[in-house]
Amino acid sequence: MRVLLFASYADAFGASEIDVDLPAGSTVAQVVQWVRTRHGDSRLPPSPLVAVNQAYARPDATILDGDEVAIIPPVAGG
């Protein structure tokens, strides 16, 4: 599956998207863990915001074939 990265995460990982080798039916938590394991734990906070199909998703949400997954960095306003 393809995972989109934005802003500081894209900078930290050196790419705006990465391919994650997990089957459909995996959870958001499994996707985050896969990214941590392969790309460095220190680049993500303990509980990053994740969206599936442009809606925020809980860690136990299931990823279906064709879903768009995005890991979103915190945003500060002023």
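Let me begin with a definition: contact here means heavy atoms within 4.5 Å. What we are looking at is a predicted model, in which local features need pLDDT of at least 70 and side-chain atom pairs count only at pLDDT 80 or more, while totals for chains, interfaces and linings use all residues. Residues are numbered from 1 along each chain as its sequence is written, and side-chain values use heavy atoms, with hydrogens and water left out.

I start with Ile71, which, leaving aside its neighbours within four places in sequence, is in contact with Val3, Leu4, Leu5, Phe6, Tyr9, Val35, Leu44, Pro48, Leu49 and Val50. In the largest nonpolar core, of 18 residues, Ile71 is among those that touch the most other members, together with Val3, Leu5, Val35 and Leu44; such a core is a set of buried Ala, Val, Leu, Ile, Met, Phe, Trp, Tyr and Cys residues joined through side-chain atoms within 4.5 Å, and buried means under 20% relative accessible area with a 1.4 Å probe, protein chains only. Helix α2 gives the most to this core, with five residues.

Strands β3 (residues 49-52) and β5 (residues 69-72) pair in the antiparallel sense over four bridges, and Val52 stands opposite Val69 in β5.

Terms used
Two strands pair if DSSP finds at least two bridges between them. Helices (H or I, at least four residues) and strands (E, at least two) are DSSP runs, numbered from the N terminus. Buried means under 20% relative accessible area, exposed over 50%, partly exposed in between (1.4 Å probe, protein chains only).
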